[in-house]
Amino acid sequence: MKALILVGGFGTRLRPLTLSVPKPLVDFGNKPMILHQIEALKEVGVTEVVLAINYQPEVYIIEGMEHQLFSLSLLASNTCISVDILLIFILIYCWFACFFVVQVMLNFLKDFENKLDIKITCSQETEPLGTAGPLALARDKLIDGSGDPFFVLNSDVISEYPFAELIKFHKSHGGEATIMVTKVDEPSKYGVVVMEEGTGKVERFVEKPKIFVGNKINAGIYLLNPSVLDRIQLKPTSIEKEVFPKIADERKLYAMVLPGFWMDIGQPRDYITGLRLYLDSLRKKASVKLASGAHILGNVLIHDSAVIGEGCLIGPDVSIGPGCVVEAGVRLSRCTVMRGVRIKKHACISSSIIGWHSTVGQWARVENMTILGEDVHVCDEIYSNGGVVLPHKEIKSSILKPEIVM
C-alpha cells in the first residue's frame, strides 16, 4: 500500500519553530510530527509515503520575511538598488526557501527510510493546487497496478491512527472512498459530515450549520480507491468541497468515526492541547514510556538522555527532549522542551514551547503560550508572558504582554 501526506507550505502558524525546520519536522512528543504518521502507516503495510508540498511563496514573503524585507527596503532606499532588482532578489530567496523545505525533509527522513524500511519521496507543486490537486500531481507515485487503496493524511493531525480498523471498514462497505470523522462539541464552527449511523454512508456536507445536523467533522484521514484519482484534474481543486460531495452524491462515500483522541496541532495552542491528549493515550497504551517518581506529576515524557536536577516538579503534560538539562528546583507544566535545551535553577515554565538549544535563566518565568525559537537565551529573572521569540535572540528584559520579538 501507499500513502500521501499533505504537508502544506511553510508552517506560518507554527513560527518561529518553522524558521529552523520545515513544519513536518517540528518535534512533537520527542519525535518529528510526521514520523508519528509514518510509523503508524508502516505498521499496516504501507511501503511508500509521498510528501505533497504546497506552493506558497506569497505566504512566505508576506508572513515569514518581515525582518529580511525590512532590511532589504532600507538597503534599497539608501543605495542605487531599484525596486525591480529587490523583487528579483526576493523571488530568488523564495525559490531557495522552497528548495530548502524539500531537501531538508528528504535528507532528514533518509535515515528513517532505512530504519523503517519504507520509501519516502516528495511531490512539490509548481502552482497552488488546493487539497485535491496534489493527488493528481502524484498520480504516478500512488498507482502501482495492484488496485489497492491508498491513504491520504493531513500532516498536522495527531491521533491514535487506527489504520488497521480503517482498512477493514473500507473493505467491508465496498464504496469508493472512506473518510475518518471525529466528534466535536461545537459543530457550528466546522463543516459537518451528515452520515447514516448504521452504515456510515455519507449523505451530505453542511458548512457551519446554523441548526444542529450532527456533530461529526472531517478528521483529515482518508482511504481512497485508485478510481478517485480519475475524478481529479491537475488544477486547483478542493477534495473536501468538490471531490467528496460528488462521491457522496453517488452514494459511494463512507465515514468512520475516529476512536480515541484527535487534534490538529498546526498552531501553538492546539499543539499544547494535542500533547496532553497524546500523553493521555500513551498512559493507556504504553505507560512504561512515561516518567515516574516523586518529582513527576501526571503524564510526563522524558528522553533517556535528559538530565533532571534535584527538587524539580515536572508535570502534568510535559515533554522533555534528548540532551536537555533541567537544573535543580525547576517547575514545568503543560510544555514542550525540545532537544538540547538548558533550564537553569528555579525557573518556571508553563503552557509554552521551548525551541531547540535554547536556555532559560535562573528564576525566570515563562508562561501563557510563550514560544521560543531555536537558540534563544532568556536571561536570569526574566518574565515572558506570551512572547514569541525568533531564533538566535537573547532576551534581557521581560515581555509583559504577548508580542513577537524579532
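**View A. The second largest pocket holds about 840 Å³ of space.** The volume is the space filled by probe spheres set on grid points, which are joined across faces, edges and corners. Here a pocket is an open set of points on a 1 Å grid over the protein atoms alone, where a 1.4 Å probe fits, with protein on both sides within 12 Å along at least five of seven lines; lining residues have an atom within 4 Å of a point. The model is a predicted one: local features need pLDDT of at least 70 and side-chain atom pairs count only at pLDDT 80 or more, while totals for chains, interfaces and linings use all residues. Residues are numbered from 1 along each chain as its sequence is written, and side-chain values use heavy atoms, leaving out hydrogens and water.

**View B. Lining of the second largest pocket, 31 residues in total.** Nearest the centre you will find Lys-31, His-36, Tyr-278, Leu-282 and Lys-289. Two or more lining residues come from each of α1 (33-43), β7 (157-159), α7 (163-173), α9 (268-285) and β14 (300-302); helices (H or I, at least four residues) and strands (E, at least two) are DSSP runs, numbered from the N terminus. By class, the lining has 17 nonpolar, 6 polar and 8 charged residues (nonpolar: Ala, Val, Leu, Ile, Met, Phe, Trp, Tyr, Cys and Pro; charged: Asp, Glu, Lys and Arg; polar: the others, Gly among them).

**View C. Lys-2 and Glu-48, a salt bridge between two strands.** The closest N and O atoms are 3.3 Å apart, and the structure holds 13 salt bridges (a side-chain nitrogen of Lys or Arg within 4 Å of a carboxyl oxygen of Asp or Glu). Lys-2 belongs to β1 (residues 2-8) and Glu-48 to β4 (residues 48-53), 46 residues apart. Lys-2 is buried at 12% relative accessibility, and Glu-48 is buried at 9% (buried is under 20% relative accessible area, exposed over 50%, partly exposed in between, with a 1.4 Å probe and protein chains only).

**View D. Arg-251 and Glu-196 meet in a salt bridge, 2.8 Å from N to O.** Arg-251 sits in the loop between α8 (239-249) and β12, and Glu-196 in the loop between β9 (191-195) and β10 (202-207), so the pair ties together parts 55 residues apart in sequence. Arg-251 is partly exposed at 39%, as is Glu-196 at 24%.
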